[in-house]
Amino acid sequence: MSDQRGNRDAGEGRDRMDGPAGAGSGGADPNDPFAGYVFDEDFVRGATTTEGSARARMLARKWANEPPQHTPWRADGPSRPPRRRRWRTVLVTVAVLALVAFAAAPDRVFGWFGTSNTAAGDDPMVQPSVGGVATSVPSAGDRRGVDPDRPTRKNPFAGSPAVNYADNEAGLTLPEVKTVPGYSAAEVTEALDLTRRLLIAGNLDRDVLAGERPAGYLALLDPADGQVARIEDALRTNRWEPDNPVSWVTRFDPKEIEQVGRVVKVNGITSYDVDGEGTLTVHADYSFVYPVAKAGSGADATVTRSVVRRVLETKVYRGPRYQATVRGRIAVGQVGFDAANSSCTRLDGFVRPEFPDDDSTMPSGSPKTVDPYDRSKPIEDGVPGECQRVSRV
């Protein structure tokens, strides 16, 4: 037989007495009544009765004659007499009185125990007691509050939308360059770059802002365009008419105005196209925010701002219809400007900021108020002497 069958047979006939006497392993005694059984785990589990352990039988015989007595557990000891509630009331009362006494005079309570309170100078964590009764809020005296929206030398753009504008040249962003009819991508790139340099030279150059001649601006213009001669004549006369220098460049009178800081806030857009005559035209529309103070003023001087919005159109002409623009130069096609917070009575070649503490008064008949930071509208053409109020600077 196979091993599997043999194992199965051993489990099935464990209590059978098959075969002749003495056929078991090792030879079984024919007089042994348990010779035919196999005392394995299955036999034990199948037993119908069980026998107690030796200790259980011994205790049973002992308790038959001497029943066990109850032995109390630790928690079963004699109960304690209940505490009298009046003592609890007395202790609570004493504790409350002690706390009240300590709050009223802590030094005296410490003195009962032969000690004294720690002085504030000995322990930095202990603060000296405060005497007296506060009857009112302390007066500010002659202290002047600082308006967070008031421009200062340290924060010249406080209270202005320009605080979120880009600084200086970083605000002059250029569009993506693409080829347009009649002009290559390289020519478009050069026209955009020249226009940007023209804006920098006329509105961010610190020497020009301080009233100097805009040499860099003039050097970028195509001499064949005729603008150079007009600008030179306007700068020499420094008058509002017939040509106003502020139409092209931003300048302040250095005898009266000084710039605050080295940052001018800039916001605007540049685009380009080909006009109806096939000429490459670049359009620039930017606002420049200038923080200024009176010349020679100290650290606490009043600071104000002037906002100059400038619209500039430049062109790159092509022959044969027009004389071609010189490479490396740009022609100015159209200019426009609006100077907010600039005197409308002192008309010359400078931007003339007015300060809150000035005695100047607004001329009569000027009810219109404009927001110099509103770029949703085009620049309006005005006439000299026509003033408008600005809602903010």
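A helix here is a DSSP run of H or I with at least four residues, a strand is a run of E with at least two, and both are numbered from the N terminus. The expected span of a helix is 1.5 Å times one less than its number of residues.

This is a predicted model, where local features need pLDDT of at least 70, side-chain atom pairs count only at pLDDT 80 or more, and totals for chains, interfaces and linings use all residues. Residues are numbered from 1 along each chain as its sequence is written, and side-chain values use heavy atoms, with hydrogens and water left out.

**The whole chain**

The protein chain holds 9 helices and 8 strands. It has 393 residues, and 26% of them count as buried. Buried means under 20% relative accessible area, exposed means over 50%, and partly exposed lies in between (1.4 Å probe, protein chains only). The accessible surface of the chain is about 26,900 Å². Carbon and sulfur atoms supply 53% of that surface. Accessible areas come from the Shrake-Rupley method with a 1.4 Å probe; for residues, only the protein chains shown count as cover.

Now the contacts. A contact means heavy atoms within 4.5 Å. Among contacts with a separation of 6 or more, 64% join residues 24 or more positions apart.

**Helix 6**

Helix 6 covers residues 185-203. What span should its 19 residues have? At 1.5 Å a residue, the answer is 27 Å, and the end C-alpha atoms are 27 Å apart, so the two values agree.

Several residues of this helix are buried, including V188, A191, L192 and L194. The list runs on to N203. Which elements do the buried residues of helix 6 pack against? Two are helices: helix 7 (206-209) and helix 8 (215-219). The others are strand 3 (265-274), strand 4 (280-294), strand 5 (303-316) and strand 6 (331-340).

**Backbone features in the loops**

| Peptide bond | Form | Omega |
|---|---|---|
| E241 to P242 | cis | near 5° |
| G319 to P320 | cis | near 5° |

P242 sits in the loop between helix 9 (227-237) and strand 2 (257-259). P320 sits in the loop between strand 5 and strand 6.

Positive phi values come next. N238 is not a glycine, yet its phi is positive, near 55°. N238 lies in the loop between helix 9 and strand 2. N168 is not a glycine either, and its phi is about 50°. The loop between strand 1 (166-167) and helix 6 holds N168. Is N168 buried or exposed? N168 counts as buried because its relative accessibility is 17%.
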